[in-house]
Amino acid sequence: MKRTPAEILREYGPFAGVEAVHGVSFDGENVWFASGDKLNALDPDSGKTVKALDVPAHAGTAFDGRHLFQIAEDRIQKIDPATGTVLATIPAPGGGKDSGLAWAEGALWVGQYQDRKIHQIDPETGATLRTIESNRFVTGVTWVDGELWHATWENDESELRHVDPATGTVLDSIAMPAGLVVSGLEADGGERFFCGGGESGKVRAVRRPAKAKRARG
């Protein structure tokens with residue numbers, strides 16, 4: 001496993017009215033972040049929030065190309081990003097102990113925080129399709145170029161981990177600076193990871209390793 005220090009490219013926030021940042025996603029233009037009672041759209045170029053949806057948003061956030069998915073307590077909501085309308089709801093696998101959320105391969109991938117697991121679930125029914133074990137608390141999940149990454153947050157230390165989706169083996173690790181925690185994780189498909197900053201109320205852009213960008217397939 002290769003372990004490297006994180007390179008922070010940019011910090012966003014804190015934002016007015018936002019006490020903590022939970023889930024994070026990216027729709028190709030804006031970064032969406034969950035802040036408890038709202039889903040907020042952040043323009044990563046200007047650093048300004050451009051929209052907010054009044055929906056419960058307690059943990060992970062995902063985008064499937066058309067809809068947002070948002071963990072709210074013990075359920076996952078499917079949301080119209082234009083209006084904020086909740087179109088459907090399925091149970092979350094952790095029953096309220098869920099954290100990160102990602103969309104890949106036609107499925108949702110859900111982090112289960114203190115149980116140290118990542119579940120692949122059916123987005124229509126919530127049925128668990130497979131489970132990957134971790135050895136640290138899972139706080140964010142993302143897929144990029146066929147790679148599964150998850151964030152950790154334990155004892156005020158956080159890292160971003162590239163793991164084998166079949167075995168959970170850690171292949172690469174990016175260590176965040178001391179005191180900077182990660183409460184949500186999303187890749188933009190290029191050189192950036194977007195990371196929720198927990199109670200700092202910030203979103204941070206972290207450079208994605210060049211090795212990971214070359215390992216496409």
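Predicted model: local features only at pLDDT ≥ 70, side-chain atom pairs only at ≥ 80, totals over all residues.
Two strands pair if DSSP finds at least two bridges between them.

**Strand 18 and its neighbours**

Lys2 stands opposite Asp172 in strand 18. The two strands concerned, strand 1 (residues 2-5) and strand 18, run parallel and are joined by four bridges. Strand 18 also pairs with strand 17, here in the antiparallel sense and over five bridges. In strand 18, Val170 has Val163 opposite. Strand 17 and strand 18 form a hairpin with six residues between the strands, and in this hairpin Gly168 takes a positive phi near 85°. Of the six residues of strand 18 (residues 170-175), five are buried, so the strand is largely enclosed by the rest of the structure.

**Salt bridges**

Side chains of opposite charge can pair when their charged atoms come close. Twelve salt bridges are found when the whole structure is searched. The table lists some of them.

| Salt bridge | N to O distance |
|---|---|
| Glu11 and Lys202 | 3.1 Å |
| Arg116 and Glu154 | 2.8 Å |
| Arg136 and Glu159 | 3.4 Å |

The salt bridge of Glu11 and Lys202 joins strand 2 (residues 8-12), which holds Glu11, to the loop between strand 20 (192-196) and strand 21 (203-207), which holds Lys202; the pair therefore ties together parts that are 191 residues apart in sequence. Glu11 has a relative accessibility of 36% and counts as partly exposed.

In the salt bridge of Arg116 and Glu154, distant parts of the chain are linked: Arg116 is in the loop between strand 12 (107-112) and strand 13 (117-121), and Glu154 is in strand 16 (residues 147-154), 38 residues apart. Arg116 is partly exposed at 25% relative accessibility. Glu154, at 12%, counts as buried because buried means under 20% relative accessible area.

**Surroundings of Arg192**

Arg192 is placed in strand 20. Its side chain makes a polar contact of 2.7 Å with the side chain of Asp188. Leaving aside residues up to four places away in sequence, Arg192 touches Leu9, Tyr12, Pro44, Glu186, Ala187, Ala205, Val206 and Arg208.

Notes:
Residues numbered from 1 in each chain as written. Heavy atoms only, no water. Salt bridge = Lys/Arg side-chain N within 4 Å of Asp/Glu carboxyl O. Buried < 20%, exposed > 50% of the residue type's maximum accessible area, 1.4 Å probe, protein only. Polar contact = N/O pair within 3.5 Å; in protein donor to acceptor, adjacent residues only side chain to side chain. Contact = heavy atoms within 4.5 Å.
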